[in-house]
Amino acid sequence: MTGFMDDVNLRLKAKKIKLVAFDVDGVMTDGSLTFLEDGREIKTYNAKDGQGVVMLNRAGFKTAIITARDNGTVVHRAEVLGITKLFKGQKNKLKALDELCSEFKLSYDEIAYMGDDFPDLCVIEKVGLSCAPNDAIDEIKEAASCVSTYGGGRGAVREFCNFILKSNNLTWHDIVKNCETLKQ
């Protein structure tokens, strides 16, 4: 489902959200994997997507990354964005979701998630609000509450963050009071 920004039912779901979680490859990045000769991995992140996550944090939402890959770039990105909880090398994403519920005393309907491929399906089917980038696999787009108009690593995260903030009547001006520079 595209054009979700004005969907009243989705806005009601977004009003319940207290924690927003994201996959990395194909969501926070375009899904490309670049390796150096020594095996180290390089990822490219979108600064505008990152700013959306920073805005969620500043607005008081908890944030999480749940990724099956175990990579140092993900740790660094999580630190820069102020991610509340990082699950890396997480093959069972539902286990991570349950840990988030337990640690923060949340129900599934208080969690939003963005994913793009089969390992994300178990989480997308459980959370209260889910979103897929427009270049996610068809099965994920069909299962998600909404589909971004943007691709992974190309604005999908920012659009989802903006939707959650807007649904909770939070604006940029509410979040950033004195034009200080935010990490992204």
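Helices α1 and α7 are roughly perpendicular to each other. Keep in mind that this is a predicted model. The angle between α1, residues 8-15, and α7 is about 80 degrees, and their axes lie 8 Å apart. From α1, the residues in contact are Leu-10, Arg-11, Ala-14 and Lys-15; from α7, they are Phe-163, Ile-164, Lys-166 and Ser-167. Sorted by class, that contact has 4 nonpolar, 1 polar and 3 charged residues.

Now the other partner. Helix α2, residues 47-58, packs on α7, residues 156-167, at about 30 degrees, with 7 Å between the axes. That angle makes α2 roughly parallel to α7. The crossing of these two helices is left-handed. On the α2 side, the contact includes Val-53, Met-55 and Leu-56, along with Lys-48 and Asp-49; on the α7 side, it includes Val-157, Arg-158, Cys-161 and Leu-165. By class, the residues where α2 meets α7 are 8 nonpolar, 3 polar and 3 charged.

So how much of α7 is buried? Of its 12 residues, 9 are buried, and the helix is mostly covered. Among the buried ones are Phe-160, Cys-161, Phe-163, Ile-164 and Leu-165, and the list also has Glu-159 and Ser-167.

Last, the geometry of α7. From first C-alpha to last, α7 reaches 17 Å, close to the 16 Å expected at 1.5 Å a residue. Just after α7 comes Asn-169, with a positive phi of about 55 degrees.

Note on methods: Residues numbered from 1 in each chain as written. Predicted model: local features only at pLDDT ≥ 70, side-chain atom pairs only at ≥ 80, totals over all residues. Heavy atoms only, no water. Axes fitted to C-alpha atoms, helices over the stretch in contact; angles between N-to-C directions. Helix = DSSP H or I, 4+ residues; strand = E, 2+ residues; numbered from the N terminus. Parallel < 35°, antiparallel > 145°, perpendicular 65-115°, else oblique. Left-handed = near helix turned anticlockwise from the far one by under 90°. Contact = heavy atoms within 4.5 Å. Nonpolar A, V, L, I, M, F, W, Y, C, P; charged D, E, K, R; others polar. Expected span 1.5 Å × (residues − 1). Buried < 20%, exposed > 50% of the residue type's maximum accessible area, 1.4 Å probe, protein only.
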